[in-house]
Amino acid sequence: MSKQPYKAVAFDVFGTLIEIKNSQSPYKKMMKWLKQQGRKPQSNDAAMIMSLDGNFETIASYFGYQLPAPLLAEMNNDLQNDLKHMHAFEDSIPTLIELKNLGYKLAICSNAATPYGEQAQSILPSLDVYAWSFKVGTNKPNPMIYQYFLNQLKCQPNEVIFIGDTQIADVDGPQELGMSAQIIDRRNGEKLANILKGFI
């Protein structure tokens with residue numbers, strides 16, 4: 001039986017291509033502070049943060065608050081720590097380069113706050129399409145973010161494989177549009193080659 005003629009591979013980023021050791025989670029710290037100010041948390045808070053292209057002050061002002069200087073300094077320090085400890089999994093860059101050399105189009109589709117996305121993009125080799133939540137203005141599993149990179153790739157859903165580490169965002173969402181999708185379990189040492197061998 002011949003394999004499906006896939007033309008492109010789309011990847012989640014964090015937990016799939018890149019990891020952050022001992023993340024300080026400054027955005028969670030901000031949401032905790034907002035809760036302490038009496039703001040009731042909303043179910044879409046995390047999605048809202050990752051779809052806003054801005055810094056901590058911009059995001060806090062969106063919610064109607066101004067961050068105190070000591071907290072802002074602490075969060076910026078935590079952010080720099082996270083960015084410093086961000087690195088690609090050992091097989092990520094070689095696999096991306098190999099796929100490019102084989103002629104596949106490559107896309108990133110990731111829920112990420114602006115500084116994390118920008119740092120990740122500087123770590124990874126240049127790819128064809130970047131569907132960052134903070135640029136597209138919406139988050140996985142909203143179909144719009146997947147459709148964004150499909151349009152940019154000029155591919156039909158059945159021509160794309162999606163690989164990520166989260167069931168709803170990286171498997172269920174892509175599959176609903178007609179893509180093939182597969183979970184990678186980095187915590188148990190799974191490699192991209194193990195996932196891709198069933199497709200490529």
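## Surroundings of Asp 12

With neighbours within four places in sequence left aside, Asp 12 is in contact (heavy atoms within 4.5 Å) with Leu 17, Cys 109, Ser 110, Lys 140, Phe 162, Ile 163, Gly 164, Asp 165 and Asp 170. The model is predicted, with local features needing pLDDT of at least 70 and side-chain atom pairs counting only at pLDDT 80 or more, while totals for chains, interfaces and linings use all residues. Residues are numbered from 1 along each chain as its sequence is written, and side-chain values use heavy atoms, leaving out hydrogens and water.

Asp 12 lies in the loop between strand E1 (8-11) and strand E2 (18-20); helices (H or I, at least four residues) and strands (E, at least two) are DSSP runs numbered from the N terminus. With a relative accessible area of 5%, Asp 12 is buried (under 20% is buried, over 50% exposed, in between partly exposed; 1.4 Å probe, protein chains only). The side chain of Asp 12 makes polar contacts with the side chains of Thr 16, at 2.8 Å, and Lys 140, at 2.9 Å. A polar contact is a pair of N or O atoms within 3.5 Å; within protein, one must be able to donate a hydrogen and the other to accept it, and residues adjacent in sequence count only if both atoms are side-chain atoms. Between Asp 12 and Phe 162 the C-alpha to C-alpha distance is 7.8 Å, although the two are 150 residues apart in sequence.

## Aromatic pairs

Rings of Phe, Tyr and Trp (its six-membered ring) pair if their centres lie within 6.5 Å; planes under 30 degrees apart are stacked, over 60 edge-to-face, and the rest tilted. That rule gives nine aromatic pairs. One of them joins Tyr 27 and Phe 56, which is tilted because the planes stand at 50°, with the ring centres 4.8 Å apart. Tyr 27 belongs to helix H1 (residues 26-36) and Phe 56 to helix H3 (residues 56-62), so this pair ties together parts 29 residues apart in sequence. Both Tyr 27 and Phe 56 are buried.

Trp 33 and Tyr 65 make an edge-to-face pair, at 6.0 Å centre to centre and 80° between the planes. This pair links distant parts of the chain, 32 residues apart: Trp 33 is in helix H1, and Tyr 65 is in the loop between H3 and helix H4 (69-84). Trp 33 is buried at 15% relative accessible area, whereas Tyr 65 is partly exposed at 25%. Phe 14, Tyr 27, Phe 56 and Tyr 116 form one aromatic cluster.

## Helix H8

The buried residues of helix H8 (residues 143-153) include Ile 145, Tyr 146, Phe 149, Leu 150 and Leu 153. Down the axis of H8, its buried residues fall within an arc of 135°, so they line one face; the arc is that of the directions from the helix axis to the C-beta atoms. An α-helix has 3.6 residues a turn, so residues three or four places apart point the same way.

Elements covering the buried residues of H8 include E1, strand E4 (105-110), strand E5 (129-132), helix H7 (133-136), strand E6 (160-164) and helix H9 (167-177). At the start of H8, a side-chain oxygen of Asn 142 comes within 2.8 Å of the backbone nitrogen of Met 144. Just after H8, Lys 154 has a positive phi of about 60°.

## Asp 78 in helix H4

Asp 78 is in helix H4 and is buried, with a relative accessible area of 7%. Beyond neighbours within four places in sequence, Asp 78 is in contact with Gln 24, Pro 26 and Lys 29.
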